[in-house]
Amino acid sequence: MYKFAREQYVYQIGKIKIGGQPGENPTVLAGTIFYGGHKIVSDPHQGVFDKERAEALIKKQDEMSDITGNPCMVQVFSESVEAMKRYLDFVASVTDSPILIDSTEPKVRVEGARYAKEVGLLDRAVYNSINASMTEEELNALLELKVPNSIVLAFNPTDPSIKGKVAVLTTGAGIVSKGLLEIANDCEVKAILIDVAATALGAGAGAALASTYVIKSKFGYPAGSGIHNVVSSWPWLRRLRKELPNGRELFRYCDIASNALQILVGGNFVLYGPIENAEHVFPVAAMTDSLITDMACLELGISIGDEHPYKRLVGK
């Protein structure tokens, strides 16, 4: 628990604030919907899904956000352009929270951003992501679209160390022609959110967490990750999940608890995985935020708003 010497950027994306010193603003939590294998999706290419169940999941995340004071975003994952458009229309009709545009396919991400611009959603959309494996076509599209908000993924496939992550952000690390932060500035991104790229245990997971502190110290941008991926990729825990009678429950405990780790090292946002986990993740994040803010207010003189979990929940 500390205060960064460097100025920390705070951005307004739609109705939420993101960034700042530890304890200053509550952690923003993003749950993923329509992800690969999501049971509410019957046709991932056409974008056919159970609208009633999808709405209930989004509303539950909004409800948990209202209860705790932790802002939320909906991470929309899609396998096709057609599905992405349908998903964006639906999510925007259900919630006014910011929306992350996400896919493993560059074309789907780009066309999702293009569609968001056409229908007036781009200001509350977050592109996921500017990264070292971007195609030239994707880069050219982003230069044209001028997305205002984007995640920049600090993943260096040749060097998972803190130094490697900083290098890909600043110089391109020999993987891309220039640093990812320069690319984001070329694309006129106003709100830069750095994903420290949580990898598997034994492959740089600890360095990813530690890089949060270094990256915020050097650049001041909001930082975070999908830290739960460390849990889901851990072979030992996956075996435990299958072998023990209560293995699935133990797995979930670790999955939910992992999100607190990203917050404790100074993270401003957490991509917590399946939106079904909202009911469990938000109280853990609110508790962690409150512990940090308790120190920050008393020892460092940080001031907070009335909607912060620390003011809403402590003493109640």
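The following exercises, each with a worked solution, concern a predicted model.

**Exercise 1. Strand β10**

Locate the neighbours of strand β10 and state which way its side chains point.

*Solution.* 
Step 1. On one side, strand β9 (residues 149–153) runs parallel to β10 and is joined to it by five bridges. Within this pairing, Val152 stands opposite Ile194 of β10.
Step 2. β10 is also joined to β11, by two bridges and again in parallel. Here Asp195 has Gly224 in β11 as its bridge partner.
Step 3. Side chains in a regular strand alternate between the two faces of the sheet. In β10, Ala191, Leu193 and Asp195 point one way, while Ile192 and Ile194 point the other way.
Step 4. Strand β10 (residues 191–195) is mostly covered, as five of its five residues are buried.

**Exercise 2. The surroundings of Thr293**

Is Thr293 buried or exposed, and which residues does it touch?

*Solution.* 
Step 1. Thr293 is found in helix α11, which spans residues 278–300.
Step 2. The relative accessible area of Thr293 is 0%. A residue counts as buried under 20%, so Thr293 is buried.
Step 3. Leaving aside residues up to four places away in sequence, Thr293 touches Gly23, Ile304, His308 and Tyr310.
Step 4. With Gly23 there is a polar approach: a polar atom of the Thr293 side chain lies 2.9 Å from the backbone oxygen of Gly23.

**Exercise 3. Aromatic rings**

Classify the ring pairs Phe34–Tyr87 and Trp234–Trp236, and state how accessible their residues are.

*Solution.* 
Step 1. The structure holds eleven aromatic pairs. One of them is formed by Phe34 and Tyr87, whose rings are 3.9 Å apart, centre to centre, with 15 degrees between the planes. Planes under 30 degrees apart count as stacked, so the Phe34–Tyr87 pair is stacked.
Step 2. This pair links distant parts of the chain, since its residues are 53 residues apart. Phe34 lies in the loop between β3 (28–33) and β4 (41–43), and Tyr87 lies in helix α2 (residues 81–94).
Step 3. Phe34 is buried, at a relative accessible area of 4%, and Tyr87 is buried as well, at 1%.
Step 4. For Trp234 and Trp236, the ring centres are 5.1 Å apart and the planes are at 45 degrees, so this pair is tilted. Trp234 is partly exposed, with a relative accessible area of 32%, and Trp236 is likewise partly exposed, at 42%.
Step 5. Ring pairs also link Phe34 and Tyr87 with Phe49 and Phe90 into a cluster.

**Exercise 4. A charge and a ring**

Over which ring does the charged end of Arg241 sit?

*Solution.* 
The charged end of Arg241 sits over the ring of Phe251, at 4.3 Å from the ring centre.

Definitions and conventions. Residues are numbered from 1 along each chain as its sequence is written. This is a predicted model: local features need pLDDT of at least 70, side-chain atom pairs count only at pLDDT 80 or more; totals for chains, interfaces and linings use all residues. Side-chain values use heavy atoms; hydrogens and water are left out. Helices (H or I, at least four residues) and strands (E, at least two) are DSSP runs, numbered from the N terminus. Buried means under 20% relative accessible area, exposed over 50%, partly exposed in between (1.4 Å probe, protein chains only). A polar contact is a pair of N or O atoms within 3.5 Å; within protein, one must be able to donate a hydrogen and the other to accept it, and residues adjacent in sequence count only if both atoms are side-chain atoms. Contact means heavy atoms within 4.5 Å. Rings of Phe, Tyr and Trp (its six-membered ring) pair if their centres lie within 6.5 Å; planes under 30 degrees apart count as stacked, over 60 as edge-to-face and the rest as tilted. A charge sits over a ring if NZ of Lys or CZ of Arg is within 6 Å of the ring centre and within 35 degrees of the ring normal. Two strands pair if DSSP finds at least two bridges between them.
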